[in-house]
Amino acid sequence: SRVVKLAVIPGDGIGPEVVAEAEKVLDAVTAGSGVVFDKTRFSLGAARFLETGDTLTDEDLAAISANDAILLGAVGGQPGDPRLKDANIERGLLLKLRFTLDHYVNLRPSKLFTGAAGPLAEPGEIDFVVVREGTEGPYVGNGGAIRKGTPHEVANETSVNTAFGVERVVRYAFDLAERRSRKLTLVHKTNVLVHAGAIWQRIVNEVAAEHPDVAVDYLHVDAATIFLVTDPSRFDVIVTDNLFGDILTDLAGAVTGGIGLAASGNINPDGAFPSMFEPVHGSAPDIAGQQKADPTAAILSVALLLDHLGLSEESARVSAAVEADIAARDGARTTAEIGSAIAARL
Ligand code: NAD
Ligand code: IPM
Ligand code: MN
């Protein structure tokens, strides 16, 4: 039988609650399938930092890298907690994993499932994928501040966009569009961010010439937020930078029935490093420990994980179980009840 080495990082807040359900579903779909997931658990996040002072050690990183894939719940404490200032869990842990493991495709599908309680009165059919660049942009940490705390303070955060980095994610997005509805929308802010905008637009134009059958569209990010609410059916594949992609995918989650349904994959398509699958949402300190979190996003992240590993049949079975569960939803259930119900359909 095939053995897949899986690093599991439950994390903070609702992370462990939703990961428990994701594992339930992974166990159910692989039972008797001939695929065995050999899991190693990593205790990382805000809680670990408060206990030990460690964010992500070199040993952690090496041990995680030795796996075939990673399943992550969510990391991070209460926003603004002064005790976590030095930990910088988001940069020192989550982004460090994404950058070190070269997760240059941050894949975030958005689909309105039948029965999902979205906020739009007439949503139409929503089924698009945001291909968010994952290793560059304003996220790289190319910044600094001088004269801190004075009225003359200057604080900079430079967006880094390399031809290499933009081209590889744009190529991935076009290849994905070829396998879907052949429609690709570049989202940026080329009217203001002229240098970063120009490189994205130029490379999209160049790669578009190799894909004459893909209809290419462009929207400024502010206008894109309008259309995500008023006409989300217009989208198939959206390709965008790290920060715009972050913001758009929370909005996309809200529009398709809530952030508790939004899955993601941090993908290294070359396969040189393990890819990492996680819900789009965070650790939700406001509902943590209460079994109120929806584990569906984590479960759909397992579907993305299976698909990435070439286990497309298992992936489809998980998606179908989620779809059936959402269609049958009525009334409140605990995190574990949702996970068990989905697992029971497998
Ligand atoms: P959040 O996504 O944790 O929460 C935003 C809102 O969505 C909250 O009201 C929360 O209760 C709700 N929500 C989130 N997940 C839900 C679920 N599965 N079911 C039901 N409701 C859900 O965002 P935040 O409050 O801005 O961030 C909290 C912490 O998480 C911060 O430390 C942040 O940095 C971190 N964070 C981590 C990740 C990650 O690990 N990938 C992602 C985003 C935020
Ligand atoms: C996400 C999160 C992260 C991001 C944070 C926690 C660093 O918001 O995965 O969407 O901005 O990418
Ligand atoms: Mn986000």
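Residues are numbered from 1 along each chain as its sequence is written, while chains are lettered from A and ligands numbered from 1 in the order in which they are written. In this predicted model, local features need pLDDT of at least 70 and side-chain atom pairs count only at pLDDT 80 or more, whereas totals for chains, interfaces and linings use all residues.

Colleague: Over residues 5-342, how far apart are the end C-alpha atoms?

Modeller: UniProt, in an unreviewed entry, lists residues 5-342 as "domain: Isopropylmalate dehydrogenase-like"; UniProt positions are given in the numbering used here, feature names are shortened, and annotations may be inferred rather than shown by experiment. Over that range the chain is 41% helix and 20% strand, where helices (H or I, at least four residues) and strands (E, at least two) are DSSP runs numbered from the N terminus. The end C-alpha atoms of residues 5-342 are apart by 24 Å.

Colleague: Are helix H9 and helix H10 roughly parallel or roughly antiparallel?

Modeller: Helix H9 (residues 296-308) packs against helix H10 (residues 312-327) with axes 7 Å apart and an angle of about 160 degrees; axes are lines fitted to C-alpha atoms, for helices over the stretch in contact, and angles run from 0 to 180 degrees between N-to-C directions. Angles under 35 degrees count as roughly parallel, over 145 as roughly antiparallel, 65 to 115 as roughly perpendicular and the rest as oblique. The angle therefore makes H9, relative to H10, roughly antiparallel.

Colleague: How do the residues of the contact of H7 with H8 divide by class?

Modeller: The axes of H7 and helix H8 (residues 242-255) come within 10 Å and cross at roughly 15 degrees, which means that H7 is roughly parallel to H8. Val221, Ala224, Thr225, Leu228 and Val229 in H7 meet Phe244, Leu248, Leu251, Ala252 and Val255 in H8, a contact requiring C-beta atoms, placed from the backbone, to lie within 7 Å. With Ala, Val, Leu, Ile, Met, Phe, Trp, Tyr, Cys and Pro counted as nonpolar, Asp, Glu, Lys and Arg as charged, and the others, Gly among them, as polar, the residues of this contact divide into nine nonpolar, one polar and no charged.

Colleague: What is the largest C-alpha distance among the residues of the UniProt feature "binding site"?

Modeller: The unreviewed UniProt entry places this feature at Asp222, Asp246 and Asp250. Although these residues are spread over 29 residues of sequence, they cluster in space. Asp222 has its place in helix H7 (residues 221-230). The largest C-alpha distance in the cluster is 14.3 Å.

Colleague: Which helix gives the largest share of the shell around ligand 2?

Modeller: Ligand 2 is surrounded by Gly76, Glu90, Leu94, Leu95, Asp246, Val280 and Gly282, a residue being near a molecule if its C-beta atom, placed from the backbone, lies within 6 Å of it. By class, this shell has three nonpolar, two polar and two charged residues. Its largest share, three residues, comes from helix H4 (residues 89-100).

Colleague: Which residues come nearest to ligand 1?

Modeller: The shell around ligand 1 divides into 12 nonpolar, six polar and four charged residues. Of the 22 residues around ligand 1, those that come nearest are Gly76, Gly260, His281, Gly282 and Ala284.

Notes
Contact = placed C-beta atoms within 7 Å.
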